[in-house]
Amino acid sequence: MPARHFVLSQPKTTITQLPEKGMQKQDIIDDFKEYYVHLLGRDEGCRSPFYAGEALSLAIRDRLMERWMATHQTYKNNDCRRGYYLSMEFLMGRTLSNAMLNLGVTDTATQAMYDLGLEIEELISSEHDAGLGNGGLGRLAACFIDSCATLQLPVIGYGLRYEYGMFTQTIVNGEQVEKPDHWLRHGNVWEIERLEYSHCIKFGGHTEVQTDEKGWQRHCWIDTHNVLAVPFDTPIPGYKNNTVNTLRLWKAVATEEFNFDEFNAGDYAEAVAAKITAENITMVLYPNDANENGKELRLRQQYFLASASLQDVLARWSSVHGHDFSQFAAQNCFQLNDTHPSIAIAELMRLLMDCHELSWDAAWLITQQTMAYTNHTLLPEALEKWPVSLMQRLLPRLMEIIFEINARFLLEVAMRWPGDNAQLRRMSIIEEGGQQHVRMAHLALVGCFSVNGVAQLHSQLLQQGLFKDFYTLWPNKFNNKTNGVTPRRWLASCNPELAALITDTIGAGWITDLDELKKLAPYAENAEFRQHWRAIKQAAKQRLIDYKKQKHAQLNLGVDAIFDVQVKRIHEYKRQLLNVLHVIHLYNLIKKGDANRVPRCVLIGGKAAPGYRMAKKTIKLINNVSQIINADPDTNNKLSLLFLPDYRVSAMEKICPGADLSEQISTAGKEASGTGNMKLMMNGAITIGTLDGANIEIREEVGDDNFFLFGLTETQIEAQRGHYDPAAIISQDHDLQQVLALLESGHFNPLEPGLFDDLLNSIKSPHDPWMTVADFRSFVDAQLRVEEAYRDHERWTKMSILNCAHSGKFSTDRTIREYNRDIWRLTPQNVVK
C-alpha cells in the first residue's frame, strides 16, 4: 500500500487561542460546576468544603492563566530587562482570597458561591497555607513579588518547593512539639509542573583541567552525583492590571529513580537510595544544622536553588542570543534575599566560564554588574559560614572559584591597606583558624554591585559595625531599602470591613498608592468617623475571640479589653520573655488587690527553631504562666494570657484586624526591620516598642504621641557592654524582685522544680546580650501609659486612625519602587490581554 502524505494547512488560529473567560457571576458558576463534577467527581453529597474550594480555585486559575500567558508574551516581545528574586523562603499563605482580590472578582465569586449554597469563607479556610517559609524573610519575599506584579515589573521569583514546610507546631504539656507540615498532601491547585525546563545539578566528584579542540584549557567538573531540578510555576497576579508574574519553585528529583539490578539482588533500600538522597534536598525547609548531615543538606539546598535558577536564566538567554553575553548585564539583574543564596556568585562564574566559555575577566564583570545582595540580620552567628572541607567535597569546582575570587580581592585590600595583615584577615572570604570556613556574606559583599539593609538603623549599623571594613572600601555599594508589606493582603483582603470604610471615605486609590491613607488623618477629629472605626475594631476583636475559642482556648475577656499582641518567631532577642515578666507583674498586682487595671488579653504566638533550647523553654514558660493566670478566679475579666499554637500567615490575617497594641520589644540594635509591626500598624494597632528596626521609622511617621516608646537605645546598650550589672538593677526595683520571686519559688511550675532556672539565670547574668532586666522598668512604665490612653476611648481611636493613616511608607510598593529606582532599573510593562 503506497504511503500517504499529509500536507498541513496554514493554521487558522494559534494553539493557545481560546475564547476569553467571562468575569460575571454565571461564568464563575458554570466553570465551578464543570470542575466540581467532571474533574473532581463530586456531587451534592460531598460534605467537605475542600473540594468546593478546589473547584473555585481552578475557575479562578483559568482567568489568571489567560493573563499569565499574555504577560509572558509581553515580556518576550518587548525583550525587556528582567529581574530575578532568589530566596530560600516564600511564605505565601493561602492563595485563593488574594487571587480573587487582585483579579477584582471577590464580590462576584462570593455571590456565585452564595447562590450555590456555599459560604466563601469556608472555602477559603479549607486551603492549606503554603509552608514555604519560616517568618519575616519568607513573608517579605511573598509581599515583594506581589508588589512587583502590581507595579508591572518583569520579575521572576525563584525558590524551593519544600515537600514539608517549617513544621506544624503543637503544644503538649506546655511544650512545643514539632510535627511534619505536609502542606502538599492534597496537591497544589495553583502550580504548573514544567518538566521541559528541568536542569541538572552537580554535587561531589572532582575537577581536572582539559584542553579543548581549540587548544584552550578548560576546567571540568566530572564524576559527579547529579540531581534533576524540576520547576513548578505559580501565578502571581498584580492588582487589576492584567499582569501575572511567575514564582518558580524547584523540586529535586533523582536522575535515576530506581536501580533495577540492586532490586533484583534483593537490596530494596539501595535500589531507591539515589531517589531518596535527591528528594531530601527539597523535602524539608531548614533542616536542623546542629549536626554535620544537617549542615551538608542545608548547603545542598542553597546550591540547588542557585544553580537551577541561574541555569534557567542562562538557558533562556542562550535560546535567543546564543553564546553572545555582551548585553547580558544590561538585560538582567539578580537580587539575593539574604546570605543563603550567595553561592550564586561563584555558580554564575562557573556557568559563564565552564559552560559558556567566557574568560575570567568577562565572567567577573558580568557577575559584579548583575548581582545585588540584601542583608537581613545584625547577628553575626546568623551569617552563613561553611567549612572549606565540606565545600571541597560537595562543590569542588565552586571552591576553586571562591579561592580565586578571594585571592584577587585580597590583592585589592592589600593595595588599600599595605602591610595590614589584620585587615586582610578580617575581610578575607576565607576565615582562617583551626578549620577554614567560607564566609558567605563576604562572598556576597565582594561579588555584588549593591548591598542593602532593610531599615534605616539596620543599614547604619551594617555600615558602622558588621560590614564596616567593606563600607570603608566601597561606600557607594551600600544603601538602605526599608521593608514593607503588601496592603492588598494585609489590609484590603484580611480586613475588608475597615478597607470598605477607608474606600468609602477617601476612595480606592490607597490600594495601589498607600500614601493616600494620609487623607484619613483629618477624619481622626470626626466623631462620627471615630464611631464607625471603633465599631469595626470591636467587631474584629469579637471575631478574634470566636476564632481563639474555636481553635484553642476559652477566654474570659470581652472586646473591651486591650488586645495586646506579640506574634513573631520565638527568639531571645525578640524578648517574649520581657512580655511574660510584665504579665506576671500585672498578675502580682491583681493578687495584691490592685483593681485599678484596664482589662488586658495578651496574645503571644510564634515558633521556635527545633534545636533552639532557650526559645522552646520560653514557650513552656508562657504556657505555664497562662495556665495559672487563666485558671485564677481573681484574674477573671481582668487579665488573660494565651499562646497561639502554629502561628502562620492565615492566623495573622485573623489577628491583625483585632489587635489594639503591637508589641515590638526587641533589644535595640538587634532587629533588622520587622514586618509584623507594619501589618499591625496598617490595621490601626498602636506600637509599644524600642528604638529598633523599622520601629524608628514608624515612630517618625506617626509621631511620638501615637507610639509608646521605652527602653535603652542601641548606643546605650553598647555602652553597657562589659559594665552591665543586672543584680544592681534588680536590687533597686521592688516590682521586678517580686516577679522574679514568683518565678524562683516555682509558683508557675510546682510539679517541675527548677524548670525555668536557665531562663532566670540568663536574664540575671551580666553577660545577657539582650539586657532584658535593663528595660523592665521602662517597659512597665510604658504599659501604664498604654492603660491611661486606652481608658480614653476617643483618644485611643484617634491614635488608631492616625497609625493607619501614616502607614503609607510601609507598603512594599514603595520598597519595590526604591529597589527598582536604585538597583534593578526595570521598565514597567503594560500587559494587554
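Me: Hi! Which residues touch the most other members in the largest nonpolar core?
Reply: Hello! In this predicted model, they are Phe304, Leu395, Ile402 and Trp824, out of the 118 residues in that core.

Me: Nice. Which helix gives the largest share of this core?
Reply: That would be helix α10, residues 292-321, which contributes eleven residues.

Me: And what does Ile402 touch, not counting residues up to four places away in sequence?
Reply: Its partners are Ile343, Ala346, Met391, Ile429, Ile430, Val438 and Leu443.

Me: What other core lies apart from the largest one?
Reply: There is another core of 60 residues, and Ala608, Ile686, Val739 and Phe779 are among them.

Me: Let's follow Ile686, then. Which way do the residues of its strand point?
Reply: Ile686 belongs to strand β22, residues 686-689. Ile686 and Ile688 point one way, while Thr687 and Gly689 point the other way, and all of them are buried.

Me: Which strand do four bridges join to β22, and do the two run parallel or antiparallel?
Reply: It's β21, residues 661-664, and the two run parallel. Glu663 is the residue standing opposite Ile688 of β22.

Me: How does the chain cross from β21 to β22?
Reply: By way of helix α26, residues 676-682, in a right-handed β-α-β crossover.

Me: What about β23, how many bridges join it to β22?
Reply: Two bridges, and these strands run parallel as well. β23 covers residues 708-709, and Phe708 there is the bridge partner of Ile688. From β22 the chain goes through helix α27, residues 695-702, to reach β23, and this β-α-β crossover is right-handed.

Me: Okay, on to β9. Why is that strand largely enclosed by the rest of the structure?
Reply: Because ten of its 13 residues, within the run 225-237, are buried.

Me: Which way do β5 and β6 run against β9?
Reply: β5, residues 192-193, is antiparallel to β9 and joined to it by two bridges, with Glu193 opposite Phe232. β6, residues 199-203, is antiparallel to β9 too, through five bridges. In that pairing, Lys202 has Asn226 as its bridge partner.

Me: How many bridges does β9 make with β10?
Reply: Eleven, in the antiparallel sense, with β10 spanning residues 244-254. Pro235 has Thr246 of β10 as its bridge partner.

Me: What does Lys240 do in the hairpin of those two?
Reply: Lys240 takes a positive phi near 50°, in a hairpin with six residues between the strands.

Me: Last one: is Glu191 buried or exposed?
Reply: Buried, because its relative accessible area is 11%, under the 20% cut-off. Glu191 is placed in the loop between β4 (175-179) and β5.

Me: What does the side chain of Glu191 make a polar contact with?
Reply: With the side chain of Arg161, at 2.7 Å. Setting aside neighbours within four places in sequence, the contacts of Glu191 are Arg61, Arg161, Leu184, Phe232, Asp233 and Thr234. Phe232 is also the β9 residue that stands opposite Glu193.

How values were computed: Residues are numbered from 1 along each chain as its sequence is written. This is a predicted model: local features need pLDDT of at least 70, side-chain atom pairs count only at pLDDT 80 or more; totals for chains, interfaces and linings use all residues. Side-chain values use heavy atoms; hydrogens and water are left out. Buried means under 20% relative accessible area, exposed over 50%, partly exposed in between (1.4 Å probe, protein chains only). Two strands pair if DSSP finds at least two bridges between them. A polar contact is a pair of N or O atoms within 3.5 Å; within protein, one must be able to donate a hydrogen and the other to accept it, and residues adjacent in sequence count only if both atoms are side-chain atoms. Contact means heavy atoms within 4.5 Å. A nonpolar core is a set of buried Ala, Val, Leu, Ile, Met, Phe, Trp, Tyr and Cys residues joined through side-chain atoms within 4.5 Å. A crossover is right-handed if, with the strands pointing away from the viewer, the path from the first strand over the helix to the second runs clockwise.
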